[in-house]
Amino acid sequence: MKFDGTMLQGPRPRFRTATRVAIVGAGFSGTLLAINLLEQEDVEVLLIERDRRRIGAGVAYSSFDQTHLLNVRAGNMSAFPDRPGHFCDWLAARGLGCDLSRNGAFVSRATYGQYLRETLAAAMEKYGRSGCS
Ligand SMILES: Cc1cc2nc3c(=O)[nH]c(=O)nc-3n(C[C@H](O)[C@H](O)[C@H](O)COP(=O)(O)OP(=O)(O)OC[C@H]3O[C@@H](n4cnc5c(N)ncnc54)[C@H](O)[C@@H]3O)c2cc1C
C-alpha cells in the first residue's frame, strides 16, 4: 500500500497497554488460566470455546450425574494455588463441606463444574476484562 498520509487523518488510535491473551478451550485448564489471569493487572482475556455447554467445566465436569464423583479430594481442588481453601469455602457457603471423615471429601464432578462456572463468572464480573465466545 502506498503511504499518502490519509491514514493519519482518521480517528486517533487508542493506545493499549494491556496484555491481551486469547485462550482456546474454556474447559478446566482454559477456565482456570482465565480466572487467574483476570486477577493480574492490565491483562485482557478472550476465552474461546466451541461448545457453549462446556464453558467453564470442560469434558470432565459437565456431567449432571451426582453419582459421578471427583477422584481428588475437594480440599485439593481449589481454583487458586495461593488460596487452597477456596473450594472448601465455596462448598461450605452452600451447606456442603470438605469433611475428610465423611463423604464430603469427594464431591460430585457436577458440583465442581458449577464451582468453576461460578468462579469464572465472579472473576468476569469483578474484573470486567474478559470476553467469552
Ligand atoms: C470423565 C473424566 C473424569 C475426570 N475426573 C477427574 C477428577 O475427578 N479429578 C481430576 O483431577 N481430574 C479428572 N479428570 C481429568 C481432567 O479432565 C483433566 O485434568 C482436565 O479436565 C483437562 O482439562 P483440559 O482443559 O485440558 O480439557 P477439557 O476440560 O476437556 O477442556 C478442553 C475444552 O476445549 C474445547 N475445545 C477443543 N478444541 C477447541 C477448538 N478448536 N476451539 C474451541 N474450543 C475447543 C473443548 O470443547 C473443551 O471444552 C477427568 C477426566 C475425565 C475425561
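The exercises below concern a predicted model and each is followed by a worked solution.

Residues are numbered from 1 along each chain as its sequence is written. Because the model is predicted, local features need pLDDT of at least 70 and side-chain atom pairs count only at pLDDT 80 or more, while totals for chains, interfaces and linings use all residues.

**Exercise 1. Describe the shell around the ligand.**

Start with the definition: a residue is near a molecule if its C-beta atom, placed from the backbone, lies within 6 Å of it. There are 19 residues around the ligand, and Gly25, Gly27, Ser29, Gly58 and Ala60 come nearest. Next, sort the shell by residue type: eight are nonpolar, six polar and five charged. Here Ala, Val, Leu, Ile, Met, Phe, Trp, Tyr, Cys and Pro count as nonpolar, Asp, Glu, Lys and Arg as charged, and the others, Gly among them, as polar. Finally, assign elements, which are DSSP runs numbered from the N terminus (helices H or I, at least four residues; strands E, at least two). Helix H1 (residues 28-38) gives the largest share of the shell, three residues.

**Exercise 2. Decide how the buried residues of H1 are arranged around its axis.**

A residue is buried if 20 or more other C-beta atoms lie within 10 Å of its own, exposed if 12 or fewer, and partly exposed in between, with C-beta atoms placed from the backbone. By this test Gly30, Thr31, Ala34, Ile35 and Leu38 are buried in H1. They cover an arc of only 130° around the axis, so they lie on the same side of H1. The arc is that of the directions from the helix axis to the C-beta atoms.

**Exercise 3. Check the length of H3 and find what covers its buried residues.**

The expected span is 1.5 Å times one less than the number of residues. For the 19 residues of H3 this should be 27 Å, and the end C-alpha atoms are 27 Å apart, which agrees. Among the buried residues of H3 are Tyr112, Leu116 and Leu120. Their cover includes H1 and H2. Just after H3, glycine 128 takes a positive phi of about 55°.

Notes:
Two residues are in contact if their C-beta atoms, placed from the backbone, lie within 7 Å.
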